[in-house]
Amino acid sequence: MSVDEGCADDAKDTGGGGPAPTEDLLYGVIRRLWPLHRTVVRAVERELADTGMTAGEHALLDALRTEGPCTVPQLARGMGLDRQPVQRWVNHALELGLVVTAPNPAHRRSSLIRLTTEGTEAIRGVQEFETTELRQRLADLSAEDVRTALHVLDRLGEEFRHLANDSRTVPEESDSPGSRRSYGSSDNSDDDGIPPASLHPVHKGRSRR
């Protein structure tokens, strides 16, 4: 599909010819996901400019803060990515002192990755700033609007995971929407919209524009 065709379809979806069918609305959601992902990455990278972190490492620290210590394969599965980019982010986060490795009682050859005190403070500071920004900029959205968006995105994620794995599961048999969290793109290539890690020193506080 060309850009012009996509724009024409979007115009058709929002035109005055009556309510759009559900499948057209779903395609409208899907069309917006990739440019939204790229825009979010650019915005996060700008916000992290003085911290030494990339958007990928932001996602990594968020995953560790939410889920607790994990192995690299566990992080990769949770983020919907191949292991290689996640391992690069872990390596850089180790250099920055944001994470450390810890023994894994379940598997001696697969260490757990956990946040350091500095890593916890870094991701907390960034997310507190982001939360304030979101609250101000999206004040017109109700909690119910956001819950509906989360439900739709979770269902799309479930079904596209089935398509990616060449399997189908009826909705009643699939995991519940809130039971699985994704931290990144499911693209298997390294070109996932997240630039490679930089080597700037980590800033102790919050960088503000």
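Select Glu 133 and Arg 137 to begin: their side chains form a salt bridge, with N and O 3.2 Å apart. A salt bridge here is a side-chain nitrogen of Lys or Arg within 4 Å of a carboxyl oxygen of Asp or Glu. Side chains of opposite charge can pair when their charged atoms come close. Glu 133 and Arg 137 are four residues apart in helix H6, so about one helical turn separates them. Helices are DSSP runs (H or I, at least four residues), numbered from the N terminus. Arg 137 has a relative accessible area of 62%, so Arg 137 is exposed. The classes are buried for under 20% relative accessible area, exposed for over 50%, and partly exposed in between (1.4 Å probe, protein chains only).

A note on the model before moving on. The model is predicted, with local features needing pLDDT of at least 70 and side-chain atom pairs counting only at pLDDT 80 or more, while totals for chains, interfaces and linings use all residues. Residues are numbered from 1 along each chain as its sequence is written, and side-chain values use heavy atoms, with hydrogens and water left out.

Stay in helix H6, which covers residues 117-137, and select Gly 119. Is Gly 119 buried or exposed? Its relative accessibility is 0%, so Gly 119 counts as buried. Contact means heavy atoms within 4.5 Å. Gly 119 and Leu 61 are 58 residues apart along the chain, and their C-alpha atoms are 7.2 Å apart.

Which residue pairs with Glu 158 in a salt bridge? The partner is Arg 155, and the closest N and O atoms are 3.0 Å apart. Both residues lie in helix H7, three residues apart, about one turn of the helix. The side chains of Glu 158 and Arg 155 are also joined by a polar contact of 3.0 Å. A polar contact is a pair of N or O atoms within 3.5 Å; within protein, one must be able to donate a hydrogen and the other to accept it, and residues adjacent in sequence count only if both atoms are side-chain atoms. Glu 158 is buried, at 6% relative accessible area, whereas Arg 155 is partly exposed, at 24%.

Arg 155 also meets Glu 159 in a salt bridge (3.0 Å, N to O). These two residues of helix H7 are four residues apart, about one turn of the helix. Glu 159 counts as partly exposed, at 25% relative accessibility. Salt bridges with shared partners join Arg 155, Glu 158 and Glu 159 into one network. The whole structure has four salt bridges.

Last, show helix H2 (residues 22-47) together with helix H7 (residues 143-164): their axes come within 12 Å and cross at roughly 85 degrees. Axes are lines fitted to C-alpha atoms, for helices over the stretch in contact, and angles run from 0 to 180 degrees between N-to-C directions. H2 and H7 are therefore roughly perpendicular to each other, a term for angles of 65 to 115 degrees. Select Leu 26, Val 29, Ile 30 and Leu 33 in H2, which meet Leu 153, Leu 156 and Phe 160 in H7. The residues of this contact are seven nonpolar, no polar and no charged.

Definitions and conventions:
Parallel < 35°, antiparallel > 145°, perpendicular 65-115°, else oblique. Nonpolar A, V, L, I, M, F, W, Y, C, P; charged D, E, K, R; others polar.
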